[in-house]
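Here is a walk through one protein model, written for someone who likes to have the structure open alongside the text.

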Amino acid sequence: MNNENKTIHDFDFSLICEFFSSMERQGPGSLDVTLKALSFIDNLTDKSLIADIGCGTGGQTMTLAKHAQGEITALDIFPDFISMLNCNAEQLGLQNRVKGIVGSMTEELPFEKESLDLIWSEGAIYNIGFERGLKEWSRYLKTGGYIVVSESSWFTDERPKEINDFWMNAYPEIDTIPNQVAKIHKAGYLPVATFILPESCWTENYFAPKIKAMKIFLNKYQGNKTAEELAMSQGYEEVLYRKYKDFYGYTFFIAKKIGL
Ligand code: SAH
């Protein structure tokens with residue numbers, strides 16, 4: 001697409017994409033929590049097929065590739081993220097086992113039914129919705145295969161209005177952990193483990209690099225309204241997290257597909 005054919009919307013989209021692709025991860029997480037979640041998975045061999053859905057630029061994909069056996073297909077809707085992921089895989093010599101592809105998680109996925117041994121999705125299932133994602137992705141998993149997702153959760157049954165309103169607007173499907181575990185069970189899985197991501201996954205690994213990336217980005221796009229609005233909304237997210245972190249956070253859920 002050349003510049004004259006670009007609508008404002010296209011430009012905004014690529015600008016936002018440029019910002020997030022300058023970060024190693026696009027959501028809260030860490031090497032340690034990825035490995036902790038992986039420690040519950042006991043079914044992988046070098047023949048295993050793994051999908052990493054909503055992989056971003058592939059921070060966790062590379063961790064999986066280095067620490068687990070099997071072939072990984074990493075899928076994301078942003079082509080720039082996938083280009084970066086494939087570049088990184090090549091640099092690490094993992095290109096034979098890691099393949100990034102562009103696609104949408106809300107469409108039919110490019111996998112055979114009942115073919116996958118493991119579905120991984122960090123901080124991304126909200127794009128399809130927790131219940132819908134669990135249900136639809138199950139079709140591609142073998143019986144006995146695992147699903148591992150991280151998702152935002154409420155830590156209490158009640159919470160202050162300001163943070164409740166924020167989430168009801170951003171992602172009303174956020175729920176308490178017991179309710180989320182019940183949804184996993186209802187979708188045909190055996191819940192295997194659940195743990196909350198430590199605060200450092202947000203503060204050190206997500207917000208701190210974001211502030212650094214934002215400074216460079218705002219400098220490059222001085223006076224650009226989209227860039228400024230993006231900075232404002234991202235800053236607000238961090239303020240809310242610091243104020244209300246006792247009420248919500250991210251949880252890893254590990255579950256196994258069971259037969260009927
Ligand atoms: N797993 C990565 C990225 C999480 S951010 C990490 O933890 O760092 C959420 C990701 O979901 C983004 O990379 C975004 O591009 C992707 N995404 C959003 N909507 C999507 C869709 N419909 N299909 C596939 N990926 C999508």
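In this predicted model, the largest pocket is lined by 39 residues. Several elements give two or more residues to its lining: helix 1 (8-21), helix 3 (59-67), strand 2 (71-76), helix 6 (161-170), helix 8 (200-220), helix 9 (225-244) and strand 8 (248-257). Sorted by class, the lining holds 20 nonpolar, 14 polar and 5 charged residues.

The second largest pocket holds about 230 Å³ of space. Its lining is made of 16 residues, and E24, T57, G58, G59 and N88 are the ones nearest the centre. Two elements, helix 3 and helix 4 (79-91), each give two or more residues to this lining. Helix 3 supplies the largest share, with 5 residues. By class, the residues around the second largest pocket divide into 6 nonpolar, 8 polar and 2 charged.

**Cysteines**

How many disulfides does a search of the whole structure find? The count is 0. For C17, the nearest cysteine sulfur belongs to C55 and is 12 Å away. A disulfide calls for two cysteine sulfur atoms within 2.5 Å, and C17 is in none. The residue is also buried, at a relative accessible area of 3%.

C87 is likewise in no disulfide, and its nearest cysteine sulfur, again that of C55, lies 14 Å away. Is C87 buried or partly exposed? With 47% relative accessibility, C87 counts as partly exposed.

**Salt bridges**

Across the whole structure, a search finds 16 salt bridges.

| D117 | K142 | 2.9 Å |

Start with D117 and K142, whose closest N and O atoms are 2.9 Å apart. This pair links distant parts of the chain: D117 sits in strand 4 (residues 116-122) and K142 in strand 5 (residues 141-154), 25 residues apart. D117 is buried, with a relative accessible area of 8%, whereas K142 counts as partly exposed at 33% relative accessibility.

K161 is exposed, with a relative accessible area of 60%, while D165 counts as partly exposed at 38% relative accessibility.

E199 is partly exposed, with a relative accessible area of 42%. K245 is also partly exposed, with a relative accessible area of 28%.

Salt bridges also join residues into a network, and E108, K113 and R139 are linked in this way.

**The loop between strand 3 and strand 4**

Two residues are worth a stop in this part of the chain. S104 lies in the loop between strand 3 (98-102) and strand 4. Its side chain is joined to that of T106 by a polar contact of 2.9 Å. Why does S104 count as buried? Its relative accessibility is 18%, and buried means under 20%.

E114 is found in the loop between strand 3 and strand 4 as well. Its phi is near 55°, a positive value in a residue other than glycine. E114 is partly exposed, with a relative accessible area of 46%.

Key: Residues are numbered from 1 along each chain as its sequence is written. This is a predicted model: local features need pLDDT of at least 70, side-chain atom pairs count only at pLDDT 80 or more; totals for chains, interfaces and linings use all residues. Side-chain values use heavy atoms; hydrogens and water are left out. On a 1 Å grid over the protein atoms alone, a cavity is a set of points where a 1.4 Å probe fits but cannot get out, and a pocket is an open set with protein on both sides within 12 Å along at least five of seven lines; lining residues have an atom within 4 Å of a point. Helices (H or I, at least four residues) and strands (E, at least two) are DSSP runs, numbered from the N terminus. Ala, Val, Leu, Ile, Met, Phe, Trp, Tyr, Cys and Pro count as nonpolar, Asp, Glu, Lys and Arg as charged, and the others, Gly among them, as polar. Grid points are joined across faces, edges and corners, and a volume is the space filled by probe spheres set on the points. Buried means under 20% relative accessible area, exposed over 50%, partly exposed in between (1.4 Å probe, protein chains only). A salt bridge is a side-chain nitrogen of Lys or Arg within 4 Å of a carboxyl oxygen of Asp or Glu. A polar contact is a pair of N or O atoms within 3.5 Å; within protein, one must be able to donate a hydrogen and the other to accept it, and residues adjacent in sequence count only if both atoms are side-chain atoms.
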